[in-house]
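Thanks for coming, everyone. I have one structure to walk through today. Let me put it on the screen.

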Amino acid sequence: MSTTSIKEYFPALNQKIRGKDFTYLDSAATTLKPRSVIEALTQYYTYDTANIHRGAHFLANKGTTAFEDTRDLVANFINAAHREEIIFTKGTTDSINLIAATFGERFINDGDEIILSTLEHHSNIIPWQLLSSRKKITIKYIPIDGNGDLILSEYRKLFTSKTKLVSITHVSNVLGTVNPIKELISFAHTQGVPILIDGAQSINHILIDVQELDCDFYAFSAHKMFGPNGVGVLYAKQTILEELPPYQGGGNMIDQVGEISSTYNKIPHKFEAGTPAIGEVIAFAEAIKFIKAIGQKQISKYDEDLLKYTITKLSPISGLKIIGNPAKRSGVVSFTLENVHSYDLGSILDMQGIAIRTGNHCAQQLMKCLNLTSIARASFTIYNTNSDIDRLADGIRKVKDFL
Amino acid sequence: MTTLQNRINDAISEFSTLENIEDRYRLLITYGKNLPPMEVSLKTDDNLIRGCQSQVWLHATISPSQDKIILAGDSDAAITKGIAALLIKIYSESSPSEILNTKTDFIDKIGIKEHLSQNRSNGLAAMLKQIIFFAYSKKL
């Protein structure tokens with residue numbers, strides 16, 4: 001598939017915004033959806049509506065099969081050893097909250113410590129702060145250097161006999177820093193500490209092999225990889241999952257229910273209480289098939305080239321400062337424009353039909369560390385082209401004349 | 001002395017002649033530039049409305065005769081400041097009951113609704129609420 005033809009798969013790109021051609025550079029917030037995903041959602045809600053894992057009628061069985069087929073696809077997509085290691089959640093945030101609640105309850109006690117990093121999105125900070133309000137635990141942060149890379153020597157120093165978990169992002173949603181997670185994982189394991197990787201920003205750009213990485217948990221969202229909202233994935237090693245208490249109580253997660261106590265269903269269902277986002281999970285399969293059809297390696301290469309082109313095009317703009325210079329960057333470029341507030345920058349680009357993200361990016365700690373309050377971020381994926389970046393660069397130049 | 005409704009009508013007619021968003025932004029930015037600077041001593045945390053994108057300061061007082069609300073404000077972003085300036089121009093020097101008895105649907109007619117409905121992201125929706133809340137507190 002050529003990129004020109006890839007654009008054709010995304011109806012949203014074929015519209016005018018404020019009378020202008022639409023340039024979407026906010027895929028790190030959420031990706032647009034290809035037609036096949038939209039059609040699968042429509043099919044489910046138009047004809048195939050049924051609840052799953054119960055009922056013996058035709059559509060209930062059809063839905064159950066399609067839902068469980070998606071689980072197989074996801075397991076294959078990240079090379080999980082067992083399909084039972086794939087838990088469907090509401091999103092990355094929900095996946096991390098699940099681990100904070102269950103692993104936190106079983107394995108983290110008063111006086112224990114966990115390690116996060118300065119690069120984390122709020123969704124990988126607040127669940128742990130909530131845990132620390134229930135149990136007296138200490139949260140430590142791996143610092144970053146001036147380029148926006150984690151300082152690995154400091155990381156190693158943070159471990160003590162009290163360290164119970166490391167939870168860290170694969171790719172920074174602000175700087176695009178690709179963390180050397182393989183090294184982070186293997187060092188944590190030499191200390192006997194399990195590690196969770198927040199894959200929200202990596203899943204759409206980097207080929208993930210959880211067995212090769214040997215991470216204990218990997219969390220990501222469907223909506224950041226061309227799939228529907230309301231679906232997330234938590235990968236967890238089977239051996240650990242078997243040890244965890246349930247997350248939420250409700251239908252589907254139980255085996256035998258008594259008046260006082262009940263027994264729970266097997267994994268992964270034990271962690272999937274209630275009716276899930278059935279149509280969305282089924283449509284998520286189409287997003288995975290779409291990525292597979294293009295090829296993940298091709299996507300990675302394409303994204304890398306586009307990133308390089310973006311930096312080349314934006315760097316010469318007078319007063320523009322690209323934030324961070326990590327050793328390896330993926331998917332996003334954040335920047336400031338001298339004497340221009342990012343809200344104005346975003347609004348004036350929007351006026352020209354160009355969508356970017358502005359603000360603190362749900363990473364207030366990192367912003368504090370960078371001594372910034374508000375920045376602009378352009379992020380892209382396979383449906384973007386060099387001409388989108390050209391439009392962005394022209395649009396930014398126009399902002400300066402405008403104010 | 002123009003009434004609040006007159007000032008609203010003036011703003012609607014001024015903005016309705018502008019055909020595109022670009023011209024509306026230009027006018028708003030000019031409004032912001034013409035806003036009298038807010039005294040630094042008034043830029044307190046109490047007067048700050050924090051948004052995740054931009055922030056707005058709003059200071060409201062009641063005139064010595066107790067019949068007019070006097071507003072001062074500022075913002076760190078130019079467009080937000082322009083909208084703050086417009087709201088101040090419209091609402092300042094109005095009586096509390098005038099403010100409470102006047103609908104806010106002019107915002108849609110001026111074409112800035114999206115900036116005021118973005119929840120807490122730029123602080124403007126909270127600014128409008130604060131003005132109305134202040135009017136309410138002075139009417140009691």
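At what angle do helix H12 of chain A and H3(B) pack, and how far apart are their axes? The angle is about 90°, and the axes are 7 Å apart.

Some ground rules. This is a predicted model: local features need pLDDT of at least 70, side-chain atom pairs count only at pLDDT 80 or more, and totals for chains, interfaces and linings use all residues. Residues are numbered from 1 along each chain as its sequence is written, while chains are lettered from A and ligands numbered from 1 in the order in which they are written.

Helices (H or I, at least four residues) and strands (E, at least two) are DSSP runs, numbered from the N terminus. Axes are lines fitted to C-alpha atoms, for helices over the stretch in contact, and angles run from 0 to 180 degrees between N-to-C directions.

Back to that pair. H12(A) covers residues 342-351. Angles of 65 to 115 degrees count as roughly perpendicular, so H12(A) and H3(B) are roughly perpendicular to each other. Who meets whom? Tyr343(A), Asp344(A) and Ser347(A) come from H12(A), and they meet Ala78(B), Ile79(B) and Thr80(B) in H3(B). Contact here means C-beta atoms, placed from the backbone, within 7 Å. By class, the residues of this contact are three nonpolar, two polar and one charged. For those classes, Ala, Val, Leu, Ile, Met, Phe, Trp, Tyr, Cys and Pro are nonpolar, Asp, Glu, Lys and Arg are charged, and the others, Gly among them, are polar.

Now H3(B) itself. This helix runs over residues 78-91. Its 14 residues should span 20 Å at 1.5 Å a residue, and the end C-alpha atoms are 20 Å apart, so the two agree. The expected span is 1.5 Å times one less than the number of residues. Of those 14 residues, 13 are buried. Buried means 20 or more other C-beta atoms within 10 Å of the residue's own, with C-beta atoms placed from the backbone. After the helix comes Glu93(B), with a positive phi near 75°.

H3(B) also packs on H1(B), residues 4-16, at about 140°, with axes 8 Å apart. Leu4(B), Arg7(B), Ile8(B) and Ala11(B) meet Leu86(B), Lys89(B), Ile90(B) and Tyr91(B) there.

Next, the whole chain contact. Chain B puts in 14 residues and chain A puts in 12. On the chain B side, H2 (21-34) and H3 give two or more residues. H2(B) gives the most, with four. The chain B side divides into seven nonpolar, five polar and two charged residues.

On to chain A. Domain bounds come from an automatic or database domain assignment. The assignment gives domain 1 (3-29 + 295-402) and domain 2 (38-292). Their C-alpha centres lie 28 Å apart. Between them, 26 residues of domain 1 are in contact with 23 residues of domain 2. On the domain 1 side, H11 (296-314), E14 (332-337) and H13 (364-370) of chain A each supply at least two residues. H11(A) gives the most, with five.

Last, one residue. Is Ile115(A) buried or exposed? Ile115(A) has 25 C-beta neighbours inside 10 Å, so it counts as buried. Ile115(A) sits in strand E5 (residues 113-117) of chain A. Beyond four places in sequence, Ile115(A) is in contact with Lys140(A), Ile142(A), Leu158(A), Thr163(A) and Val166(A).

Note on methods. A residue is buried if 20 or more other C-beta atoms lie within 10 Å of its own, exposed if 12 or fewer, and partly exposed in between; C-beta atoms are placed from the backbone. Two residues are in contact if their C-beta atoms, placed from the backbone, lie within 7 Å. Angles under 35 degrees count as roughly parallel, over 145 as roughly antiparallel, 65 to 115 as roughly perpendicular and the rest as oblique.
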